[in-house]
Amino acid sequence: METPLKFFTDALCDVSLALHLLHQCTRPTDATAPLIRPIISFLCGLVRCGCCGDSKADNSTSKLPLTSSSSPHLAAPSSHLKQSDAIRTIGNQSSKSKKGSESRSRAGYDNGDIISDHASLERAADEDAMNGDSDELQGGKKGGAAGEKASTVPGGRERVAILDAGAQYAKVIDRRVRELNVETEMLPLDTPAYSIKEMGFKAIIISGGPSSINSEDSPAYDPDIFKINLPVFGICYGMQLMNREFGGTVVQKSEREDGQYTIEVDNYCQLFKGLNNKETVLLTHGDSVDKLAPGFKVVATSGNIVAAIANEKNRLFGVQFHPEVDLTEHGVEMMRSFLYEIAGFTGTFNIESREAECLRYIKETVGSKKVVMLVSGGVDSTVCAALLHKALSHEQVIAVHINNGFMRKNESLQVEQSLKKLGLKLQVVNAWNEFRDATTTINSVNGERARLTNYLCCTSNPEEKRKIIGDTYIRVANDLIQHLNLDPNEVLLGQGTLRPDLIESASSLVTTNASTIKTHHNDTDLVRSMRSQGRVVEPLKDFHKDEVRQIGKDLGLSSEFVDRHPFPGPGLAIRILCADSPFVDRDHVETQVILKVLTDYASSVEKKHALLPRIEASTTESERQELGKINLQNLQATLLPVRSVGVQGDSRSYSYVVGLSTDAEPLWDSLLTMARLIPKVCHNVNRVCFIFGTCVREVVQEITPTFLTPNVVATIRQADYLATQVLSEMGYMDKVSQMPIVLLPIHFDRDPLMCRSGSCQRSVVLRPFITQDFMTGRPAVPTKHLPMTVINKMVAEILSVPGISRVLYDLTSKPPGTTEWE
């Protein structure tokens, strides 16, 4: 029987825990925070006084300095964090900055010392360790043994907590771990450490994110996640957070990396066990580790950049690159090493059949209601329609294809004929006039007032185009529901939304910290409003493109459907770069000079050009040697007065495009090197293309005014049709994942001083792209993935379209460029 005193102290624990959870939801500026903090501290003090009925049993644990605010060391919590231990953690945590600023100042790294040499980094860290700065990173028990078997929670479940810092690839991490037969749960970055421990997680993965670790508004986190004796794997931002929390420093360097790079790894490190000493990985970051944290060592480098750190004794690992994506060639092996060799998981989790999961979701969500399924003819909406068709009665599914006026040539007819083969009765709505004259309201952002957009046919901003089109789809669908005399309360909207759509749109369904890269038409404000009312059914929203294709195959769909190249919901509207004036920012002249130095590097070295230090600060010695060789090819780099959307460091960029040209036959390896190095040096460039034809000698200063008019749309539609026909007829359609054809408002080979009339022609970009999940990818390389006979024929066919000046070939990987240009 419990004593009154035991009952009283247990109640104190419960009250303290509840108050702490409330405190986690407040910010320092909240009026409630100053009131709650002293109450928590007072209650926790009562609990710690030792008057609990089981204080003797907990005596050894209560003496552990769980969150000592006066020591820079990490203390070891009990392997089983009881409620009283959690309250002790809360009491001390409430006075500590979640960003770890207090821990950094205690470590004494405010002197501004910069150590760039990796050996020096490790020596500095070792000296600090010898001085007692990292004797026990995880307290009395000096870290768990490597490969220590992960204990299981009741029921035998083993789980990893993925703390989301706003990464574009957070869900990819989740998927990769589950495919390795380990259960996961994605949680906010600021999830309290005691919650992670009490929920039975056996390891932590911290994702990347768009913020700088040094920014005042960087995401909050609980420093105690490193003190609960769990192995931690920090990815990109997660590595930087880990390094800074333990006394290291992170700075923004002149060198940034966006794309595939070869790094050197220490394959004696557990994380890289069994791998080569050189690995190809995806890096996308601007900040880099400068001073290494005490107790850690550098286990991988990318030139002068720290690419991975480790404290193996305490099972703390961090990588600057992204092991979860396809562009990191042995990333899955690295993640397997962390999960099985380091964290000790046994792999008892099995992924449910994707098809069964979708069917169950549809039946539970729809019930007896009807679904208006928006079908574009692409693999996503087709697979979604097939799932609805299988899960529900035929009377419940109303398949609708809305022709927005921006479809490819004969697209709507082909969609109608194809879906009839699935047994779907399709209704086609021709809504070109509704879309052309459509507007929408842009909700208030950052204090700006809500405003009405211009008409779509007069809009040049790519985000506004996407939002207008997405909202117009909803309006047209609602009009159809009224036309069919259906009760809106008994009808749901069906969409083939995929996980990347939600991630790039920064939907709250998948993240709280991510940056919006581009608003997808299936995640506009109108869609979000309907979703919040429970009026949208999206069975594919947790999957990526390759998973959806597999579901299609499992459903028995033919390759005609599942292997079809993706086509965006807004259609050709976002493959036309609209503008009425050239984009020339104040850095335009300087950027053009830097491009000249890059393409004429050897000569610039001889002349000791004033901008050489900037290039040397952003490149490695081997990269500068490559530039010296490229110099012999007489390349010309032209800064184009247009912008494209990109993704760099998990954030959206809207930046310049560079065109490379030469009078000689193109050497594609050299061109790809330039495409990788130019964004690395010029941070205001996110896309590089090759321009077919002779060398471009005239500076491009003007653009051809371009909007979504019938003539402009007809031009890109014909160019798209001809290029796609060549790719298909020559048998190379399945060699690339997608091939957007983009219309630029640029008229090349025109001297504005000699020409009195305005610019009137436009140019076309070929974007053959190779990817699996469409979160990352690389360009199809001429002569490697596509023969020049195919490419040259596509170029010739496009040049036959009236009004086309030149044809370009996009050489940009993702990142820094997105698949589409807008």
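Predicted model: local features only at pLDDT ≥ 70, side-chain atom pairs only at ≥ 80, totals over all residues.
The largest pocket comes to about 930 Å³ in volume. Its lining takes in 37 residues, and those nearest the centre are Gln260, Tyr261, Thr262, Thr280 and Arg676. Two or more lining residues come from each of β5 (249–265), β6 (278–291), β7 (297–302), α23 (621–630), α24 and β23 (778–779). Sorted by class, the lining has 14 polar, 13 charged and 10 nonpolar residues.

Helix α24, one of the elements lining that pocket, runs over residues 668–681. Its 14 residues should span 20 Å at 1.5 Å a residue, and the end C-alpha atoms do sit 20 Å apart, so the two figures agree. The helix is mostly covered, with 11 of its 14 residues buried; among them are Trp668, Leu671, Met674, Ile678 and Val681.

The second largest pocket has a volume of about 710 Å³. It is lined by 28 residues, with Arg408, Gln414, Arg564, Thr724 and Met733 closest to the centre. Here α13 (411–420), α19 (559–562) and α25 (710–729) each give two or more residues, and α25 supplies the largest share, seven. The lining splits into 10 polar, nine nonpolar and nine charged residues.

Then there is Thr459, which is in the loop between β14 (451–452) and α15 (462–483). Leaving aside residues up to four places away in sequence, Thr459 touches Asn454, Glu464, Lys465, Ile468, Cys578 and Phe707.

Conventions:
Residues numbered from 1 in each chain as written. Heavy atoms only, no water. Helix = DSSP H or I, 4+ residues; strand = E, 2+ residues; numbered from the N terminus. Contact = heavy atoms within 4.5 Å. Expected span 1.5 Å × (residues − 1). Buried < 20%, exposed > 50% of the residue type's maximum accessible area, 1.4 Å probe, protein only. 1 Å grid on protein atoms, 1.4 Å probe; cavity = no way out; pocket = protein on both sides within 12 Å on 5 of 7 lines; lining within 4 Å. Points joined across faces, edges and corners; volume = space filled by probe spheres on them. Nonpolar A, V, L, I, M, F, W, Y, C, P; charged D, E, K, R; others polar.
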